[in-house]
Amino acid sequence: MKLKLFSLFLLICMISMVSAAEYNVWLHSIDIDVDSIGETEIVEKYHLFFASDDAKFIFRQTSIELGSDLSQWNTFDARFTPTISPEKVVSGAISYSEGEDNYLEIKYKLSESMMSKGKENSFSEEYNIKATYFNQLYQSGLWVIPDNTRLTINLPPGGELVEDVSPQATIGQNNTRKTITWNGHTSGNKLTLKYVVWKKINPLIDLNELSNFLFRTNEGLMIIGAIIIAIGAIFWKRSYFASKIEAFVEDNTLFEED
């Protein structure tokens, strides 16, 4: 019991020391990958700057103590929480990484898609972003991407925007994926993003269906038999057809005399 109380006391001290130490989030990146049916995977990174190696060491020890418990990290620093509809997070993981870039990463999925399906036809499906999923960014009637924040949405491979994005964003390309990026400070009175995903066109002839028809139905077997008979007849009469062709060529060829 005493050991547990001491550990709790030590953790509180460490948290207080880290909070007092000079560290800050110099970049908060939010990357959202959207698949072909509108489902998303979200990765948030809090890129950290430490004033000293001691501050980095204390944060490292704190990360070990807090582990992967999102609620404890949020208690430690209110900034460390999912930005996209946190009430709908169903599976999430948090981890701290050190190197050339020191960052705290939160990776999670939502219980419902943040994209709503719109119009659909034989060739494409339309999707719209659900603005309410970004209520954490809604301030005084505006959608605000704060300073030192970068929000990127990666559309499915082949996805194409069908109207202007709001607030104004940077549109890029990453291999076959269109990227939409907002860099803070950016704001707008609406949040809109609409895109289409093109369907794969089925081949005109289904080879499996054709094979089943030819080899597993009476009609198909009759067609195969007729083809075999026709090929056999042509092979058997090949000499006859060859002589006819030669005679036709000779009769229709003009020879000029010198």
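This is a predicted model: local features need pLDDT of at least 70, side-chain atom pairs count only at pLDDT 80 or more; totals for chains, interfaces and linings use all residues.

Reader: ok, and how many residues does helix 2 have?

Author: Helix 2 covers residues 53–66, which makes 14 residues, where helices (H or I, at least four residues) and strands (E, at least two) are DSSP runs numbered from the N terminus. From its first C-alpha to its last, helix 2 reaches 20 Å, close to the 20 Å expected at 1.5 Å a residue, the expected span being 1.5 Å times one less than the number of residues.

Reader: Which residues of helix 2 are buried, and which are exposed on the other side?

Author: A55, I58, F59, T62, S63 and L66 are buried in helix 2. They cover an arc of only 140° around the axis, which puts them on the same side of helix 2; the arc is that of the directions from the helix axis to the C-beta atoms. On the other side of helix 2, D53, D54 and I64 are exposed. Buried means under 20% relative accessible area, exposed over 50%, and partly exposed in between, with a 1.4 Å probe and protein chains only.

Reader: Let's switch to sheets. What is the order of the strands in the open sheet of 3 strands?

Author: The order is 7-8-13, with antiparallel pairing, and two strands count as paired if DSSP finds at least two bridges between them. Strand 7 and strand 13 stand at the edges, each with a single partner strand, so one side of each is left without a neighbour in the sheet.

Reader: How many bridges are there between strand 7 and strand 8, and how many join strand 8 to strand 13?

Author: Strand 7 (residues 138–139) and strand 8 (residues 142–145) pair over 2 bridges in the antiparallel sense, with Q139 opposite L142 in strand 8. Strand 8 is joined to strand 13 (residues 186–188) by 3 bridges, again antiparallel, and I145 has T186 in strand 13 as its bridge partner.

Reader: And what about S140, is that one buried or exposed?

Author: S140 counts as exposed, at 80% relative accessibility. The hairpin of strand 7 and strand 8 has 2 residues between the strands, and S140 has a positive phi of about 50° there although it is not a glycine.

Reader: Where is N175, and what is its phi near?

Author: N175 is in the loop between strand 11 and strand 12, and its phi is near 55°, a positive value in a residue other than glycine. At 71% relative accessibility, N175 counts as exposed.

Reader: What is the order in the open sheet of 4 strands?

Author: That sheet has the order 5-6-14-10, with antiparallel pairing. Strand 5 (115–120) and strand 10 (160–161) stand at the edges, each with a single partner strand, so one side of each is left without a neighbour in the sheet. Strand 10 pairs with strand 14 (residues 194–198) over 2 bridges, and E160 stands opposite V196 in strand 14.

Reader: Last topic: which residues touch the most other members of the largest nonpolar core?

Author: Of the 42 residues in that core, I32, F80, I84, M114, F134, I153 and W182 touch the most other members. Strand 1 (residues 23–34) gives the most to this core, with 5 residues. A nonpolar core is a set of buried Ala, Val, Leu, Ile, Met, Phe, Trp, Tyr and Cys residues joined through side-chain atoms within 4.5 Å.

Reader: And what does I84 touch?

Author: Not counting residues up to four places away in sequence, I84 touches I30, I32, I42, E44, Y108, L110, M114, Y133 and F134, where contact means heavy atoms within 4.5 Å.

Conventions: Residues are numbered from 1 along each chain as its sequence is written. Side-chain values use heavy atoms; hydrogens and water are left out.
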